Amino acid sequence: MSVTPIQHTVEDFAQALLDNLYFTQGTTPQSASVRDAYMTLCLTVRNYLIDRWRRTTQAQFEANPKFVYYLSAEYLLGRQLTQNLLYSGTWQLAEEAAARFGLKLRDFIGLDVEPGLGNGGLGRLAACFLDSMATLDIPCVGYGIRYEYGIFRQSFQDGWQVEGPDEWLYYGNPWEFPQPDDMVQVGFGGYTEYLMGPNGFEGVRWIPAETIMGEPYHMLVPGYNTETVNIIRLWRARATREFDFQLFDMGDYERAVEQKVRSENITKVLYPNDTTPQGKELRLRQQYFFVACSLKDIIRRFRFRNSDWAAFPDKVAIQLNDTHPVVAIPELMRILMDEEKLGWDEAWDITRRTFAYTCHTLMPEALEEWPVSMYGRLLPRHLEIINEINRRFLQEVRQRYPNDLDRAERMSIVAHGNVRMAYLATVGSFSVNGVAELQSRLLREHTLRDLADFWPQKFNNKTNGVTPRRFMRLANPRLSALITQTLGSEAWLTNLELLAGLEAHADDPAFRAAWRQVKQQNKEDLAALCRRRTGVEVDPATLFDVMVKRLHEYKRQLLKALHIITLYHRLKADPQADVPPRTFIFGAKAAPGYRMAKLIIKLINDVGRVVNSDPDVAGRLKVAFLPNFNVTLGERIYPAADISEQISLAGKEASGTGNMKFALNGAVTVGTLDGANIEIRELVGPENFFLFGLTADQVFDLKARGYDPLAYYRQNAELKAAIDAIGGGAFSPDDRSRFQPIVQSLLTRDEFMLLADYADYVAVSEQAARAYYADPEAWTRMSILNVARCGFFSSDRTIRQYCADIWRVQPLPVRRT
């Protein structure tokens, strides 16, 4: 059966719009709403990708290649309309066709809502990787959860964070395809039976106490400037029995839908608050549900063209994006042994050659552990398998280190009543990678030291990257146009190292002037957005000092707040003080159960309220905290930043990708030697990076010798004044004790050593601000060189390294029609 190719003319596109309006939306031009028109446009653009997806699927089926299956609890995909217009080559067609109907394309772009499938860098990296794999023609399927309400929608009430549902599915999602025919069943609880036959033991059967259904939805993941279109498959939880008619008929309406509500809770929100036992259990249910559904689908796809389990690792590479999907290891063992009747040794060999694990953290609390009791109650068969994996593994450890009795205890997967998921991931995978050079070294030398000593060949580094299509071409069209004009083509979008060609123009006055004009226009746009979203009037002529990222104490937004208070105090003491004007812009969400993080948000907002309303500092300092930071907002902020704040305590940030997005948009970094900051500084040059703070080794040394935050507090008058102002109610006159928990934390523990780095940070920040105003030409040169020398930070480069070093997969180009 032949398929009529899509014609690329304005007339054809306009006719396709009408066809979708009539036959899919079920309305007419006369009665259509703006949202009808938006949905029609999305479906029309989607149709332009479907033919490429069909040909991709056909090519992959015929070639039977090795696939990458990417398992991630998060995906921050960003708005889909602009990306798909660009990747389908229909942007101009859509603009011209819309104009024929008296409409403007930009009005529809504003209606597009980004999928609420992620929270921070973990999810954005996963989305970048899917983009790069499609662009590089790598056969891939991403797996995740179709969260109905995302993580949450953030607003501020009197400076406090308030969480509301992220209702991104309220009007439907035009980019997804429901696949109810591929629903799978997932069990929880129950018990196991050991089956005996005439010849003795025949296997184990798990009898779950409850089952739910997983319904898949997939979205298209197109590559840029290629024919490949991969997919991301997202799972929605459904009840096996959604409605009890008899209970409803008796008037017991709540119990009639009780099973439906209980089942569907699994995919309601990302990262349910786990400060309660119920929340913790829901998280584990969520993780197993997603993994069990995905593995069944992976096996279904494997069986399209294969039947020999020995070939499974040659056709399947499963990447575990952090610890959330690590239960996939015992789940695959369960399927191979209990359902496919393979022996332990064969099943374990297949499993260990299939999985690879990326560790995204150095924070102990982020290396997930689950109570053995909870595992035994929810996943009894999996706990049996984990215990057997652990028994055999510790046997190997004791054989290699017969005289080191403590080592086996340190390396045990099960310890202190918990299952340690990072340990299980390391034992059950053939590769363990970090995401920046420093983090990978610290993984080997500290976090997973014993395991790295045992299997040094497993450990490797793959420094993160970002997609330039999303974070330059779409986020910063002005700069992208200037770069393309200067380099002569758009080839840099798929070969980011070509940005190096900009360096030859860094001393060209005309090019510098054009560069500054782009930055200024972006700042004016962001200033207008700040006014609309926060009511704060900011001056785009001032230095934009920006810190946007997830709110966590180790990221040290509080250090930035101390700096702002210090500048405020200097100006209050002497209104004529030489304090360069600047605008501080924040964006951050705090986890709903993270009380200290939410208190820090309140403090920043309260500091901003005081600073912004004080006529003594008018025109000198402004603070704007933009609510609900996400990819869409990030795309407005990154292009407008002058300074990128990357100030985490050295040795705490795994990599960071925000630092890369800022640098690639011409911001200059003020930062520590942490995460990928190290590689950024090495590439852009120390003279184009404002460095401060302790190194990771100095942090370890100072803590080992005994860190005393009170000593720093007593020795530095400005630091003492800033902390005293917080503790004394200067920013909370209605409740002077409100911020005492922050003060107590700083003075008694200061776990992330803000006080130790404070003086250096304030000095270097002032150095950066003075450099901005003292010599705009030199600053512009720094900005240009940050872009020109950061081509390394493309996710395309990262994916090529994964393909060559870990997955051993090859591109499969799709033929054009």
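Me: How do strand 21 and strand 22 pair?
Reply: Strand 21 (residues 643–646) and strand 22 (residues 668–671) run parallel and are joined over four bridges, where pairing requires that DSSP finds at least two bridges between two strands, and strands are DSSP runs of E with at least two residues, helices being runs of H or I with at least four, numbered from the N terminus. This is a predicted model, in which local features need pLDDT of at least 70 and side-chain atom pairs count only at pLDDT 80 or more, while totals for chains, interfaces and linings use all residues. Residues are numbered from 1 along each chain as its sequence is written, and side-chain values use heavy atoms, with hydrogens and water left out.

Me: And what stands opposite serine 644?
Reply: Threonine 669 in strand 22 does.

Me: What sheet order do the six strands have?
Reply: The open sheet has the order 20-19-18-21-22-23 with parallel pairing, and its edges are strand 20 (621–625) and strand 23 (690–691), each of which pairs on one side only.

Me: Switching topic, what does tyrosine 375 touch?
Reply: Beyond its neighbours within four places in sequence, tyrosine 375 is in contact (heavy atoms within 4.5 Å) with residues including Leu284, Trp370, His382 and Met421.

Me: Which element gives the second largest pocket the largest share of its lining?
Reply: Helix 2 does, with five residues; the lining has 28 residues in total, and among those nearest the pocket centre are Thr57, Gln60 and Arg301. A pocket is, on a 1 Å grid over the protein atoms alone, an open set of points where a 1.4 Å probe fits, with protein on both sides within 12 Å along at least five of seven lines, and lining residues have an atom within 4 Å of a point.
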